[in-house]
Amino acid sequence: MIHVKNLSKTFTVNEKEPGLKASLKSLFKRKMVTKYALNNISFNVREGEIVGLIGANGAGKTTLSKILSGIIHSSSGEISVLGSDPWKREISFRKKMSLIMGQKASLWWDLPALDCYLLLKEIYQIEDADYHTRLNFLAETLGIKDQLKVQIRRLSLGERMKVELIAALLHNPQVVFLDEPTIGLDLTAQKAVRQFLLDYRQKYNPCMILTSHYMEDIETLCERIIILKEGSIVYDGPLKDIISKYANEKQIILTLVNGEILKERVARDGISERITSLLKLHDVLDLSVTEIEISEIIEKLLRKGVDA
Amino acid sequence: MKLFKAVFQMEMRNILAYRFSFWVNFFGTTFGQLGLSYFLWSSIFGGNKNAIIGGMSFQMMILYSFLAPMTLKTIQGLQLLNINQDIFDGGLNKYIIYPLSYFQFKWIQQITHTLSHLFQLFSGLAFFAIFIGMPTEYKFHSLNIFCFVINLVIASTLFFAMEAIMEMTAFWADNVWSLSVLLRFIIMLLSGAWLSLSLFPEWSQGLFYYLPFKGMVYSPVKILMGNMDYGEWAQSQIMMLVWLCLISLVTRKVWLAGNLRYTGVGI
């Protein structure tokens, strides 16, 4: 569904020194600097797959979503989404995809959601029966039916995100780009959005690319992740494989008889040996061996790269 | 057509969403304009109310000065198209994602506002006729009203194309509001919105023939007042259409070049 080969994107930005003198100087001459947002990346995404894009701020995640959805053009490389070049912005392509931007409203704030949906119905040329069926399913699953007649600017952040989700999925897209869909939401709303996305995927089987800084979004929704660092892919594979590949340690947690809890990181091949020695040293009430948290491994990868 | 109807209805709901603003705008503009033109021309004509200035009597001049700014407001429709804002804060993204033409969408919004202002203009004209009285030279003709409405749709589209180019410079510069202000000033001056073009010097009349501005305010107001022949009116419409074609070509070029620089900031 999505094919990306040797994709690169550079931006030219204006750099200005602080101060009034520099401001005056910039009226006549500006210093332009070229920066790599994406550097020669390649990957494919299949139908029904949910891929998590992970990376620090400025790693190139949002730039990638924007290129794949046709908002901006690439500097070089080949891209095909649903068999089309996104930059051509063909109407047939735009009817089959959607982009949800957690930090950006795509609806008209002065109108109630239902009015916006009626407009989207005409824009996407959705049949009456399909429109009502999908709207009912989406509104009921998200539990937002009662808020659809309220002016959007008067809704809470969580409610706004839900009405945006409905707007983005009303035309039943085959490819969905989700850019921070749970940003700023409280825990209950985050959970509701995640569950909704899982339900939606089960019913319609679209391919989804999710960008999020919340590890819980990634762990709940994605089987596969792509980790970007400074515009390059440092990991592309199943989420669970990241543990066996990059975590060469496990964690031993001991609860002692006196109530004290001890935690220790041990190399995978030395676990039994270390447990034996710990049991000799302490009066142990309980013992468990756990994997290192995925978020910790990813953080390490982002900090130090694949050699971590 | 269905899309036109849907965007039109949405924009009308937007206009009507703020009742207070709608009514203040409605009454404020109508009475403000009426009062201003009456007192201004009363002092210019002084005691000699039977004088003829720029080919118009006192009564006709008041009617012109009342209609011209209202017509300008009508053709300016949305006033600001917010294309520069969409480019600046990434609002353009949603129109790129939706399967529609950005300009088609904006144009429908523009025409909706134009029609909304047109309702205001005709209401003001009715008020004028009832409480002040139409000038004795005024000739009512339904064909003139038809020409007036057609004229406003063309002029509104031309203003839209001009304003779009000004605002699209936001692809290259961050703050381009001053260009829109400059365009408004030029249109106000050269379209006859401030002063009837007949009051301008003789040498400038030939220039007005080739410029697109005459057809934007002067011609529609004059045709509505029954004070212009159809040949001269048609000429101003053709000139506007020629300019519209030229500006549309430039708009397309600027749009394509600007899109290559667009970064979709804001997400």
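Colleague: Before we start, what should I know about the numbering and the model?

Modeller: Residues count from 1 along each chain as its sequence is written, while chains are lettered from A and ligands numbered from 1 in the order in which they are written. The model is predicted, so to speak of local features we need pLDDT of at least 70, and side-chain atom pairs count only at pLDDT 80 or more, whereas totals for chains, interfaces and linings use all residues.

Colleague: At what angle do the axes of α5 and α6 of chain A cross?

Modeller: Helices here are DSSP runs of H or I with at least four residues, strands are runs of E with at least two, and both are numbered from the N terminus. Axes are lines fitted to C-alpha atoms, for helices over the stretch in contact, and angles between N-to-C directions run from 0 to 180 degrees. In chain A, α5 (residues 128-142) and α6 (residues 157-169) have axes that come within 10 Å and cross at roughly 155°. That makes α5(A) roughly antiparallel to α6(A), a label for angles over 145 degrees.

Colleague: Which residues make the contact?

Modeller: Contact means that C-beta atoms, placed from the backbone, lie within 7 Å. From α5(A) come Leu138(A), Ala139(A) and Leu142(A), and from α6(A) come Lys162(A), Leu165(A), Ile166(A) and Leu169(A).

Colleague: How is chain A split into domains?

Modeller: Such bounds come from an automatic or database domain assignment. Here, domain 1 covers 2-243 and domain 2 covers 248-291, with their C-alpha centres 43 Å apart.

Colleague: What is the strand order in the open sheet of three strands?

Modeller: Two strands pair if DSSP finds at least two bridges between them. The order is β11-β10-β12 in chain A, paired antiparallel. At the edges, β11 (261-267) and β12 (284-291) of chain A each pair on one side only. The twist averages 20° from one strand to the next. Seven bridges join β10 (residues 249-256) of chain A to β11(A), and Leu254(A) has Leu262(A) as its bridge partner in β11(A).

Colleague: Which helix lies across β10, β11 and β12 of chain A?

Modeller: That's α10 (residues 271-281) of chain A, running at about 20° to β10(A).

Colleague: And how many residues of chain B are in contact with chain A?

Modeller: 22 residues of chain B are in contact with 28 of chain A. On the chain B side, α1(B) gives the most, with eight residues.

Key:
Parallel < 35°, antiparallel > 145°, perpendicular 65-115°, else oblique. Contact = placed C-beta atoms within 7 Å.
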